[in-house]
Amino acid sequence: MLRANKTPLIRNPDGTLMRLLAGQYEGQRSTIQTASPLLMMDVHVPANATLQLKLGRSFFVGTYVLSGTGTIGSRRVQPHSVASSRPLAAGPEDSTLSCKAGPDGMRFLLYAGEPIPDPVSVDGYFVCCTPEETQNAVTDFDRRENSFAKGKSWSSAIAN
Amino acid sequence: MSWIVVLISVTVGEFVHEDFMGWKETFAKGDVHWMSTGKGIIHAQIPGPQPVNRHVQCKRL
């Protein structure tokens with residue numbers, strides 16, 4: 001759990017505020033550990049201001065707009081817009097993602113990170129590397145065996 | 001099984017999480033609840049008592 005009052009805040013001179021939720025940015029580091037590089041931020045850009053986000057050159061990027069309007073990259077956005085991109089950089093430098101707020105400012109959640117090289121097999125909530133592994137996981141869940149053995153004697157108090 | 005990190009950022013209200021490892025926590029606006037699934041996990045998550053509770057969830061491989 002990362003409490004709101006423990007999330008690092010990055011403030012720019014123009015009033016842009018970035019709350020760092022996971023990963024590291026501009027010398028600040030979150031306490032959330034991930035196996036591969038990941039960046040998650042809650043970003044507020046003031047009215048008519050432009051934020052140039054510097055991202056790892058191999059990062060995939062996703063944004064979800066919570067309020068306000070503007071442009072993220074080349075995409076015009078509004079509340080509930082989702083903008084996403086494969087790696088932006090063509091050369092050896094880090095990527096820069098331009099985020100320009102409209103007249104009422106713009107707030108969005110940023111999710112970015114490096115893709116993993118492993119193959120992926122998905123069946124609902126079950127994610128493994130091969131269809132056989134995924135099927136085994138589903139079977140283990142249904143039978144409450146192996147990794148799900150603790151579920152044999154557990155019943156949720158909040159959901160029941 | 002791949003190691004998955006589930007990141008939940010609450011924007012309105014609060015949520016309660018409980019799992020079979022014994023964790024139980026309430027997390028509210030501005031908090032980030034994160035969970036690595038390891039080789040598998042069973043958990044429950046319910047909204048708080050406020051009229052509106054909203055979060056954004058990202059599952060990251």
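**Stop 1: a loop residue at the meeting point**

Select I32(A) and look around: leaving out residues up to four places away in sequence, I32(A) touches L2(A), L21(A), A22(A), L7(B), V32(B) and W34(B). Contact here means heavy atoms within 4.5 Å. I32(A) sits in the loop between β4 (28–29) and β5 of chain A; helices (H or I, at least four residues) and strands (E, at least two) are DSSP runs, numbered from the N terminus. With a relative accessible area of 6%, I32(A) is buried. On this tour, buried means under 20% relative accessible area, exposed means over 50%, and partly exposed is in between (1.4 Å probe, protein chains only).

Some ground rules before you click on. This is a predicted model, so local features need pLDDT of at least 70 and side-chain atom pairs count only at pLDDT 80 or more, while totals for chains, interfaces and linings use all residues. Residues are numbered from 1 along each chain as its sequence is written, chains are lettered from A and ligands numbered from 1 in the order in which they are written, and side-chain values use heavy atoms, with hydrogens and water left out.

**Stop 2: where the two chains touch**

Colour chain A and chain B separately. How many residues of each chain are in contact with the other? On chain A there are 38, and they meet 39 residues of chain B. The area buried between the two chains is about 3200 Å², and carbon and sulfur atoms give 71% of that. Buried area is the accessible area (1.4 Å probe) that two parts lose on being put together, summed over both. Highlight M1(A), W154(A) and I158(A): they supply 24% of the area that chain A buries against chain B, more than any other three residues.

Eight residue pairs are in polar contact between chain A and chain B, both at pLDDT 80 or more. A polar contact is a pair of N or O atoms within 3.5 Å; within protein, one must be able to donate a hydrogen and the other to accept it, and residues adjacent in sequence count only if both atoms are side-chain atoms. On the side of chain A that touches chain B, β10(A) gives the largest share, three residues. That side divides into 27 nonpolar, seven polar and four charged residues.

**Stop 3: two salt bridges**

The structure holds two salt bridges over all chains. A salt bridge is a side-chain nitrogen of Lys or Arg within 4 Å of a carboxyl oxygen of Asp or Glu.

Show the side chains of D31(B) and R3(A), which meet in a salt bridge at 2.7 Å, N to O. D31(B) lies in the loop between β3 (24–28) and β4 (32–36) of chain B and R3(A) in the segment before β1 (9–11) of chain A, so this pair joins two chains. D31(B) is buried at 7% relative accessibility, while R3(A) is partly exposed at 33%.

Next, pick D42(A) and R107(A), whose side chains meet at 2.6 Å, N to O. D42(A) is in strand β5 of chain A and R107(A) in strand β10 of chain A, so the pair ties together parts that are 65 residues apart in sequence. D42(A) is buried at 10%, and R107(A) is partly exposed at 25%.

**Stop 4: into the core**

Which residues have the most contacts inside the largest nonpolar core? Select L39(A), M41(A), L53(A) and F108(A); the core has 25 residues. A nonpolar core is a set of buried Ala, Val, Leu, Ile, Met, Phe, Trp, Tyr and Cys residues joined through side-chain atoms within 4.5 Å. β10(A) gives the most to this core, with seven residues. Apart from it lies another core, of 14 residues, among them C128(A), F148(A), V6(B) and M35(B).

**Stop 5**

Find T134(A) in helix α1 of chain A. T134(A) counts as buried, at 2% relative accessibility, and its contacts beyond four places in sequence are S121(A), V122(A), D123(A), F126(A) and C128(A).

Finish at T11(B), in strand β1 (residues 5–12) of chain B. T11(B) is buried too, at 9%. Leaving aside neighbours within four places in sequence, T11(B) is in contact with L66(A), K29(B), R54(B) and H55(B).

Note on methods
Nonpolar A, V, L, I, M, F, W, Y, C, P; charged D, E, K, R; others polar.
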